[in-house]
Amino acid sequence: MNGIEKQTISKVMWRLMPFLFVCYFVAYLDLVNVGFAKLQMNAALGMSEAAYGLGAGLFFVAYFLLEVPSNLALERFGARLWIARIMFSWGLISALFAFIKPIASATGLSTEWVFFILRFLLGIAEAGFFPGIIFFLTLWFPSVYRARVVSLFMLAIPFSSIVGAPISGALLNLSGASLDGWQWLFIIEAVPSILMAVAVVVYLTDRPALATWLQPEEKAWLTARIEGENNKKRAVEHLSIGKAMTDRRVLLCALMYFCLNAASYGVAFFLPTIVKGFGASNIQTGLLSALPFVFGAVGMILLGRSSDRTLKRREHVFLAMVLAGVGLVGAGLSTSPVMVLGLLCLSQIGVSAMPPLFWPIPGAFLTGSSAAAGIAAINSVGNLSGFAGPYVMGYLKDATGTFTIGLILLGVTALAGGIAAMALQLNSQLETAEPETAKPGAPAAAHY
């Protein structure tokens with residue numbers, strides 16, 4: 001690493017990553033706090049486990065429908081304004097969950113239907129946020145840094161659970177102004193998203209060429225480096241938006257991400273309920289629910305660094321999915337609370353580590369508009385399992401009285417994602433540190 005590279009990457013890293021981390025922290029908190037609210041909300045609203053699982057998953061149906069259009073809008077209007085719009089709208093909608101009963105009374109709808117509609121609207125509001133940030137990072141970081149920067153960004157997931165789970169558990173004990181704890185939880189945890197929307201407009205910069213906080217030579221180096229890598233990819237293979245959406249690698253990536261999210265959200269929305277079943281109090285449930293994410297954070301950092309060092313992307317994804325699958329199947333088969341929690345910790349290492357290991361893969365062969373569309377398509381299709389996973393878990397819990405079959409099914413799904421990863425054919429030379437101008441017609445070296 002030369003002097004200008006080290007200086008520029010360090011400056012960009014410190015400027016962007018802590019801020020994006022906070023953005024995703026509040027986003028994920030608003031996404032999964034319904035799992036804690038459920039401990040009181042289901043009884044208050046008279047909802048079954050299956051109805052809760054259906055509502056929790058409807059978020060991802062809206063996500064699927066609007067992910068690609070939202071990401072294309074982000075490329076057109078700029079990340080700063082579009083991400084701010086996303087955060088402001090989802091903050092407002094998240095707060096509305098506290099008022100499901102009054103909304104139901106005013107509209108004549110059942111409380112279940114209000115819950116379903118608000119979850120769907122939350123998905124519409126948040127569509128494009130995560131793939132938008134992933135696309136945004138491809139504009140600022142060369143390929144060899146992307147697994148580690150995505151790891152840093154996605155540390156917000158385990159961190160929001162490590163910090164947010166105990167807070168959410170404690171908020172359930174609040175009451176006042178004719179509101180119960182689960183309602184205060186939604187209101188209080190929505191406020192940071194609205195405030196961060198304003199901060200995004202002020203703080204973020206759309207691309208390196210516009211960064212007044214970089215020196216001219218730093219801007220010139222970073223712009224040339226990113227454009228050089230993109231030119232190298234285009235010289236080997238250029239995909240239009242249409243081709244990107246049907247490319248075999250994109251479809252395999254979507255399948256892999258589908259399998260991951262089934263395991264991830266299928267457990268996340270029910271983890272507080274599983275832990276509560278051990279006989280824990282609300283605060284104990286919050287603390288114990290945070291434990292798997294501590295292990296997930298460590299696995300995310302260590303495996304992310306290893307992936308960047310070796311560039312063996314698919315092998316690392318395979319390992320992560322095996323850890324997730326084995327942990328979930330084992331948790332389903334175990335009857336000891338200590339063993340169940342320990343195996344959920346093992347599975348969370350794989351679940352947390354997989355996304356930062358995975359997202360550099362499509363970024364290695366997609367550029368420009370095809371990257372915006374392809375990344376969004378992968379994320380939207382993959383997130384459909386965010387609907388299927390929670391619904392299946394809730395349905396099977398109602399049908400059998402336990403989470404056993406649901407956990408085993410999610411574990412097998414994760415293992416299938418690992419097998420799909422090994423079917424990918426990737427060109428590792430497109431991620432080499434120094435981009436070269438490819439010669440027309442020259443064969444590309446492949447990594448199998």
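Visitor: Hi! Among contacts between residues at least 6 apart in sequence, what share join residues at least 24 apart?

Guide: Hello! In this chain, 82% of those contacts join residues at least 24 apart. One thing to keep in mind from the start is that this is a predicted model.

Visitor: Good to know. How many helices and strands are there in the chain?

Guide: The chain has 21 helices and zero strands.

Visitor: And how much of the chain is buried?

Guide: Of its 448 residues, 59% count as buried. As for the surface, the chain exposes about 16,700 Å², and carbon and sulfur atoms supply 68% of that area.

Visitor: Which ones are they?

Guide: The buried residues of α8 are Arg 146, Ala 147, Val 149, Val 150, Ser 151, Phe 153 and Met 154.

Visitor: Switching topic: how do α16 and α21 cross?

Guide: Helix α16 (residues 313-333) and helix α21 (residues 404-422) have axes that come within 7 Å and cross at roughly 165°. Because of that angle, α16 is roughly antiparallel to α21. The crossing of α16 past α21 is left-handed.

Visitor: What kinds of residues make up that contact?

Guide: Where α16 meets α21, the contact residues divide into 19 nonpolar, six polar and two charged.

Visitor: Now some single residues. Where does Gly 78 sit?

Guide: Gly 78 is in the loop between α3 (49-77) and α4 (79-96).

Visitor: Is Gly 78 buried or exposed, and why?

Guide: Gly 78 counts as buried, because its relative accessibility is 9% and the cut-off for buried is under 20%.

Visitor: Which residues is Gly 78 in contact with, leaving aside neighbours within four places in sequence?

Guide: Those contacts are with Ala 73 and Asp 206. There is also a distance to look at with Arg 207, which is 129 residues apart from Gly 78 along the chain. The C-alpha atoms of Gly 78 and Arg 207 are separated by 8.7 Å.

Visitor: One last stop: which helix holds Ser 352?

Guide: Ser 352 belongs to helix α17, which spans residues 337-358.

Visitor: Is Ser 352 buried or exposed?

Guide: Ser 352 is buried, with a relative accessible area of 4%.

Visitor: And what does Ser 352 touch, not counting residues up to four places away in sequence?

Guide: With those set aside, Ser 352 touches Gly 296 and Met 300.

Key
Residues are numbered from 1 along each chain as its sequence is written. This is a predicted model: local features need pLDDT of at least 70, side-chain atom pairs count only at pLDDT 80 or more; totals for chains, interfaces and linings use all residues. Side-chain values use heavy atoms; hydrogens and water are left out. Helices (H or I, at least four residues) and strands (E, at least two) are DSSP runs, numbered from the N terminus. Buried means under 20% relative accessible area, exposed over 50%, partly exposed in between (1.4 Å probe, protein chains only). Contact means heavy atoms within 4.5 Å. Axes are lines fitted to C-alpha atoms, for helices over the stretch in contact, and angles run from 0 to 180 degrees between N-to-C directions. Angles under 35 degrees count as roughly parallel, over 145 as roughly antiparallel, 65 to 115 as roughly perpendicular and the rest as oblique. A crossing is left-handed if the near helix is turned anticlockwise from the far one by less than a right angle, and right-handed if clockwise. Ala, Val, Leu, Ile, Met, Phe, Trp, Tyr, Cys and Pro count as nonpolar, Asp, Glu, Lys and Arg as charged, and the others, Gly among them, as polar. Accessible areas come from the Shrake-Rupley method with a 1.4 Å probe; for residues, only the protein chains shown count as cover.
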